[in-house]
Amino acid sequence: RTRCPYFYDTHQACNKRQPGSGCAAIGGFSKQLAVVGVSDACIATHPSDMAVAMRVLDAQVETLRPDGSKRVIPIADFHKLPGNTPHIETELQRGELITAVTLPAPIGGTHIYRKVRDRASYAFALVSVAAVLQKDGKGRVAIGGVAHKPWRMESADALLPRGSKAVADALFADAKPTEHNAYKLPLVERTLAATLAQART
């Protein structure tokens, strides 16, 4: 679940913990919180590293419902943006269990995961980049630490041959950073640039 400090501090208003109570993070200290995909109800981030990697690989989540029926949810649709219901974080229904996560056939290329954090261990990402990059400069990227879900836009993937700035500009065209977390926007661009450079070596 989110590592938003306001979620864990029960003395603070949190729509994720208590729907309708407000979001103390908005107007509070938000260094580690979301810059894109936010709402007036929540600016929490999704903390997972693995989910970001699964998003760039187009994983699928297999589930079992209480009535015994099964379904497959694309990872792109599995995590939800906060909207007016930040307490609903995934597409899972009550009683539905994840039974497997499957990956499509390998697509080749160079696979890289780069994580930027405050300290070397036991720290969640300030930003992260998961990338699959081909020799011709094409590929796909997903970003962590910036939204309520792993952040990927296929339209931004198409801009990879033009470099990190073009991709970052597309990914964050609708960003709404705060004064405390606006640093994440140039940090993503620099991290993506380093990832692209690594893939070329």
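Start by selecting Phe7, which counts as buried at 10% relative accessibility (buried is under 20% relative accessible area, exposed over 50% and partly exposed in between, with a 1.4 Å probe and protein chains only). The model is predicted, with local features needing pLDDT of at least 70 and side-chain atom pairs pLDDT 80 or more, while totals for chains, interfaces and linings use all residues. Residues are numbered from 1 along each chain as its sequence is written, and side-chain values use heavy atoms, leaving out hydrogens and water.

The structure holds one aromatic pair. The ring centres of Phe7 and Tyr8 are 4.9 Å apart and the planes stand at 90°, so the pair is edge-to-face (rings of Phe, Tyr and Trp, the last by its six-membered ring, pair with centres within 6.5 Å; planes under 30 degrees apart are stacked, over 60 edge-to-face, the rest tilted).

Next, select Val36, Ile143, Val146, Trp151, Val167, Leu171 and Phe172. These have the most contacts inside the largest nonpolar core, which has 23 residues (a core is a set of buried Ala, Val, Leu, Ile, Met, Phe, Trp, Tyr and Cys residues joined through side-chain atoms within 4.5 Å). At least two residues of this core come from each of strand 5 (127–133), strand 6 (139–144), helix 5 (164–171) and helix 6 (184–200) (helices, H or I with at least four residues, and strands, E with at least two, are DSSP runs numbered from the N terminus).

Centre on Leu171. Beyond its neighbours within four places in sequence, Leu171 is in contact with Val36, Ile143, Trp151, Met153 and Ala156 (contact means heavy atoms within 4.5 Å). A second, separate core has 10 residues, including Cys4, Cys14, Leu33 and Ala44.

Now show helix 5. Its buried residues are Ser164, Ala166, Val167, Ala168 and Leu171, and they pack against strand 6, helix 4 (154–157) and helix 6. Pick Ser164 in this helix, buried at 13% relative accessibility. With neighbours within four places in sequence set aside, Ser164 is in contact with Glu189, Leu192, Ala193 and Leu196.

Finish by selecting Cys4, Cys14, Cys23, Cys42 and Ala44: of the 15 residues that line the largest cavity, these are the closest to its centre. By class, the lining has 12 nonpolar, two polar and one charged residues (Ala, Val, Leu, Ile, Met, Phe, Trp, Tyr, Cys and Pro count as nonpolar, Asp, Glu, Lys and Arg as charged, the others, Gly among them, as polar). On a 1 Å grid over the protein atoms alone, a cavity is a set of points where a 1.4 Å probe fits but cannot get out, and lining residues have an atom within 4 Å of a point.

Note on methods: On a 1 Å grid over the protein atoms alone, a cavity is a set of points where a 1.4 Å probe fits but cannot get out, and a pocket is an open set with protein on both sides within 12 Å along at least five of seven lines; lining residues have an atom within 4 Å of a point.
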